[in-house]
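Please take a moment to turn the model about before reading on, and keep the sequence at hand. The paragraphs below go from single side chains to the whole chain and back again.

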Amino acid sequence: VMMDCHDRPLSRLMLGTVQFGMPYGVANRTGQPEYRDVLAIVAAAVEGGVNCFDTAAAYGTSEEVLGRALHELNVADRVVVVTKVRALAAAELADSAIASRAIRQSVADSRRRLQLDCLPVVLFHREADAAHLSVLEELRDQGWLRQAGVSCDNRPGPAAQFVAAGSVSALQLPGNVLDRRHQRSGVFRDAAAGGVAVFIRSVYLQGLLVMPEDDIPAALRDVIPVRRTLAEIAGQAGMNLAELALRYMLSQDGVTCVLTGVETVAQVRENLALFARGPLAGDLLSAIDRSVPELPEWLLTPAMWRGPTT
């Protein structure tokens, strides 16, 4: 994949930093970390070989906090920061001149907050906003960013179209052991063939795959049977469900990085150890694929977790 960091490939672990700017996730127990903890987390990640970080204009103070930490640790020029344009309002989306101004302002704000003249990777946070990809291309030509792309949702059509059009350098896609729609669509393989980096988020389905079973909200308890089956497969293979879920996504061809968010230095070290174990054996992957049924879309889509819409 052409996206690299000063001739070094990107680390398979991309550190998600939404937690640095706001309390986040159904399984979050510790809330938003203090700045000194963020500094220790970023230091431990870089020390462990992590050279890419995911943030966004929409993540509270995440960009400022991450920018400050990378500069204080003196590693800002050694890592790839992936950030995202704030979501456009309907009125902005509808008028290309207004959209252009809004996007330009969002990128300018990200450069300032991250203390980076040239942002390594800028994604649209929403698929619909990618109608204005040409604006990111102009900003790339101006030297404001190096690579442009899109963060997609879990319906596979648009991601495949972006790859086919050759209009992006990177895609962030949700994917996990329960939600294999992108994987089955062939987009990982096509992206790799086209030199498009693929960043996978939601590897634990926002914590639903790994939180204690008793803590699963009533509306989401349909996930329990398949979780139990996967935990059993994991146990037989000598690992827990979190390791199985993570290494399952690491095993998919065409996946450049897998994003994991952390709240503590201990979690950074645990994640590094898991990533170091690499892909799963082929027979284990087959066993997993055979045991996961088709699940309803609302269960796989955190935005729909207020309960099934039907």
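Over the ring of which residue does the charged end of Arg-111 sit? In this predicted model, the ring belongs to Trp-144, and the charged end of Arg-111 sits over it at 4.2 Å from its centre. For pairs of aromatic rings, by contrast, the count comes to 0, where two rings would have to have their centres within 6.5 Å to be counted as a pair.

The protein has 14 helices and 10 strands, and its C-alpha trace spans about 55 × 40 × 35 Å along the principal axes. A compact globule of 310 residues would have a radius of gyration near 19 Å, and the protein, with 19 Å, agrees with that expectation. Buried residues make up 55% of the 310 residues, while the accessible surface comes to about 13200 Å², of which 50% belongs to carbon and sulfur atoms. Among the contacts with a separation of 6 or more, 75% are accounted for by residues 24 or more positions apart.

The next topic is charged side chains that meet one another. The count comes to 16 salt bridges, and one of them joins the side chains of Lys-84 and Asp-54, with 3.0 Å from N to O. Lys-84 lies in strand S5 (residues 80-85) and Asp-54 in strand S4 (residues 52-54), so the pair ties together parts that are 30 residues apart in sequence. Are these two partners buried or exposed? Lys-84 is buried, with a relative accessible area of 1%, and Asp-54 is buried as well, with a relative accessible area of 3%.

Arg-112 counts as exposed, at 54% relative accessibility.

A further salt bridge is formed by the side chains of Arg-155 and Glu-297, at 2.7 Å from N to O. This pair links distant parts of the chain, as Arg-155 is in the loop between strand S7 (145-151) and helix H7 (157-165), whereas Glu-297 is in helix H14 (residues 297-300), 142 residues apart. Arg-155 is partly exposed, with a relative accessible area of 45%, and Glu-297 also counts as partly exposed, at 30% relative accessibility. Both belong to a network of salt bridges in which Asp-153, Arg-155, Asp-179, Arg-181 and Glu-297 are linked.

Finally, the backbone deserves a look. Most residues other than glycine have a negative phi. With a relative accessible area of 30%, Gln-206 is partly exposed.

Methods. Residues are numbered from 1 along each chain as its sequence is written. This is a predicted model: local features need pLDDT of at least 70, side-chain atom pairs count only at pLDDT 80 or more; totals for chains, interfaces and linings use all residues. Side-chain values use heavy atoms; hydrogens and water are left out. Rings of Phe, Tyr and Trp (its six-membered ring) pair if their centres lie within 6.5 Å; planes under 30 degrees apart count as stacked, over 60 as edge-to-face and the rest as tilted. A charge sits over a ring if NZ of Lys or CZ of Arg is within 6 Å of the ring centre and within 35 degrees of the ring normal. Helices (H or I, at least four residues) and strands (E, at least two) are DSSP runs, numbered from the N terminus. The radius of gyration is taken over C-alpha atoms; the globule rule is 2.2 Å times the number of residues to the power 0.38. Buried means under 20% relative accessible area, exposed over 50%, partly exposed in between (1.4 Å probe, protein chains only). Contact means heavy atoms within 4.5 Å. Accessible areas come from the Shrake-Rupley method with a 1.4 Å probe; for residues, only the protein chains shown count as cover. A salt bridge is a side-chain nitrogen of Lys or Arg within 4 Å of a carboxyl oxygen of Asp or Glu.
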